[in-house]
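This report examines selected local features of one protein model. Please keep the sequence and the three-dimensional view at hand while reading.

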Amino acid sequence: MKVPQMDLKRQYLTIKSEIDSAIQHTIDRCAFVAGEKVNQFEKNFAEYCGVKHAVGISCGTSALYVALRALGIGKGDIVITVPYTFIATVEAIALTGARPVFVDIESKSYNISTKNLREYIEKGCEWNPRENELVDKKTKLKVRVILPVHLYGQMSDMDEIMAIAGEYNLSVLEDAAQAHGAIYKNRKSGSIGHIAAFSFYPSKNLGAFGQGGAVITDNDTLAAKARMLINHGQREKYDYEFEGWNFKMDGFQAAVLDVKLKHLDDWNRARQHNAMMYGKFLKDVDTVMLPEKMLEREHVYYLYVIQVDGRASLQKYLNDENIGSSIAYSIPLHMQNAYKYLGYKMGDFPNTEKCVKGVISLPMFPELTSEEIEYVCEVIKAWCSHK
Ligand SMILES: Cc1ncc(COP(=O)(O)O)c(C=O)c1O
C-alpha cells in the first residue's frame, strides 16, 4: 500500500463538477482580480468565522503583514510571537520594521505558553503608566502586539492571551493559517483577537488552487485600513492615503475557496475522525507521543504530529514502506541564520528545542481511509519493535 502524507487530487475529485463550474463562471464573468467572486467569498468567510469583515488577500504571509500594518505596527515596536512556527509569521513582523520577540511554546499544545508570556512581560518589560504602554527593558522598544499561532490545527489559550493583552494595552493578531474552523470555547479561530490572518495555501484545511489569504476582524477601522493596504493605500480611485502594496486576491482562488468553504466542516470532521483512529491504534505504543487535545478546544488537525525518539529512523522506515511524512519544524526560528540579529542562543526556548527534535507529521487529510491509517500504525508499531 502507498499512503501519501496529503493528497489534494482526491479532494478535487470529490467536488470536481462544483469547482469546474465555479472556475468557468469566473472566466465567463471575467472577474479575475478582486471583484464579484472575491466579494462573495469574503462575505461567506466572515460569516463562517463569526466576524463582521473578511478581506481577501494574495497569501497568508501578506495577510499577516497587512494585519500588522492595519494595527499601525512599524519601526520602534515589538511584536511577541513564538520561535516554533513557519517563518512567515516572523517575516511579516520584520517586514513592518518592528522587532520580533520570542516566547517559548507549551510542549503539549505546541502553542504559545501564556506562563512564559507573562514572565517576559513581568520580568523583561516595564509599564509606563503615563503613556499607557509597555516597554521592553533591554531594547526600550514599545511592546504592541501578541501574535499567537494556532499550530497544527489547535487554538492557543485565547482567554489568557486576551486577558494579558487587556492588562497591558496590547493588540492580538491571531495567526490562524493552520486552523480554519478550529474552535475555542464555541468561538472560531480568528474571531477572538482584534484581527486575524489566514492562509489558503493549497495544503491547508481550506486551500485554494494557488496562493491565497485573508484578514478577518470585527473592527470596522481595521478592516477599512486592511482593504486600502491591499490596494496601494487607495481610498478612492487614484487617491492614495498612504503607501500599501498590491496584495489583492485573485478571482479564481476566491471561486474555488467559496465552493470549498461549504465542505470545510465536513472535512474537519473527517480529519478529527482520522485523528481518533490514529489514537485508537497507537494509544498503547509508549514510545510514541500522540497530539493532545486541550480542554474546551476543537482541534482540526491540519497536521497529525507525533513525537518519537529516533525520528530520522522512523521517517526512513515509513518511506521504505511507501508512507509519506514531513517535519514541521526541524530548525527553530531563533536558531535560523535569518534571525541571528535577534541575539538568541540555543537553550533560550527549551520546549521548542525539544519538540523540533522529535516531531513528525503522519499522513492526514480528510479522504484518508481507515485501512490506510491502520497500515501506517502497523508500520509504526513494527518500527518500534525493531528499534
Ligand atoms: C503558521 C503559518 N503562518 C503563515 C503562513 C503563510 O501563509 P502563505 O504560505 O499563504 O503565505 C503559513 C503557511 O504555511 C503558516 O503555516
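The text below treats a helix, several strands, the ligand shell and some backbone torsions.

## Basis of the description

The model is predicted; local features need pLDDT of at least 70, side-chain atom pairs count only at pLDDT 80 or more, and totals for chains, interfaces and linings use all residues. Residues are numbered from 1 along each chain as its sequence is written. Helices (H or I, at least four residues) and strands (E, at least two) are DSSP runs, numbered from the N terminus.

## Helix α3

Helix α3 covers residues 35-49, which makes 15 residues. From its first C-alpha to its last it reaches 21 Å, close to the 21 Å expected at 1.5 Å a residue; the expected span is 1.5 Å times one less than the number of residues. The buried residues of α3 are Lys37, Val38, Phe41, Glu42, Phe45, Ala46, Tyr48 and Cys49. Here a residue is buried if 20 or more other C-beta atoms lie within 10 Å of its own, exposed if 12 or fewer, and partly exposed in between, with C-beta atoms placed from the backbone.

Why do the buried residues of α3 line one face of the helix? Seen down the axis of α3, they fall within an arc of 155°, so they line one face; the arc is that of the directions from the helix axis to the C-beta atoms. As a general point, an α-helix has 3.6 residues a turn, so residues three or four places apart point the same way.

The cover over the buried residues of α3 includes α2 (16-29), β1 (53-57), β9 (187-188), β11 (213-217) and α9 (251-261). Contact in this sense requires C-beta atoms, placed from the backbone, within 7 Å of each other. After α3 comes glycine 50, with a positive phi near 80°.

Strand β7 (residues 171-175) has five of its five residues buried, so it is largely enclosed by the rest of the structure. In a regular strand the side chains alternate between the two faces of the sheet. In β7, Ser171, Leu173 and Asp175 point one way while Val172 and Glu174 point the other way, and all are buried.

Two strands pair if DSSP finds at least two bridges between them.

| Strands | Sense | Bridges |
|---|---|---|
| β6 (142-146) and β7 | parallel | two |
| β7 and β10 (195-199) | parallel | three |
| β4 (125-128) and β5 (133-136) | antiparallel | four |
| β5 and β6 | antiparallel | two |
| β8 (183-184) and β14 | antiparallel | two |

Valine 145 stands opposite serine 171 in β7, and aspartate 175 has alanine 197 in β10 as its bridge partner.

## Hairpins and the three-stranded sheet

The hairpin of β4 and β5 has four residues between the strands, and asparagine 132 there takes a positive phi near 60°. Asparagine 128 is bridged to glutamate 133 in β5. A hairpin is also formed by β5 and β6, with five residues between them; lysine 140 in its turn has a positive phi of about 65°. Leucine 134 has valine 143 in β6 as its bridge partner.

Tyrosine 184 is bridged to arginine 297 in β14.

## The ligand shell

Which residues come nearest to the ligand? Of the 15 residues around the ligand, these are Gly60, Thr61, Ala88, Ala177 and Ser199. The elements giving two or more residues to this shell are α4 (60-70) and α5 (87-96). A residue is near a molecule if its C-beta atom, placed from the backbone, lies within 6 Å of it.

The shell divides into six nonpolar, eight polar and one charged residue. Ala, Val, Leu, Ile, Met, Phe, Trp, Tyr, Cys and Pro count as nonpolar, Asp, Glu, Lys and Arg as charged, and the others, Gly among them, as polar.

## Backbone torsions in loops

Cysteine 30, in the loop between α2 and α3, has a positive phi near 50° although it is a residue other than glycine. Cysteine 30 is exposed, with 9 other C-beta atoms within 10 Å.

Is tyrosine 110 buried or exposed? Tyrosine 110 counts as buried, with 28 C-beta neighbours inside 10 Å. This residue lies in the loop between β3 (99-102) and α6 (114-124), and its phi is positive, about 65°, although it is not a glycine.

The peptide bond from alanine 328 to tyrosine 329 is cis, with omega near 15°. Tyrosine 329 is found in the loop between α11 (311-320) and α12 (350-358).

Note on methods
Contact = placed C-beta atoms within 7 Å.
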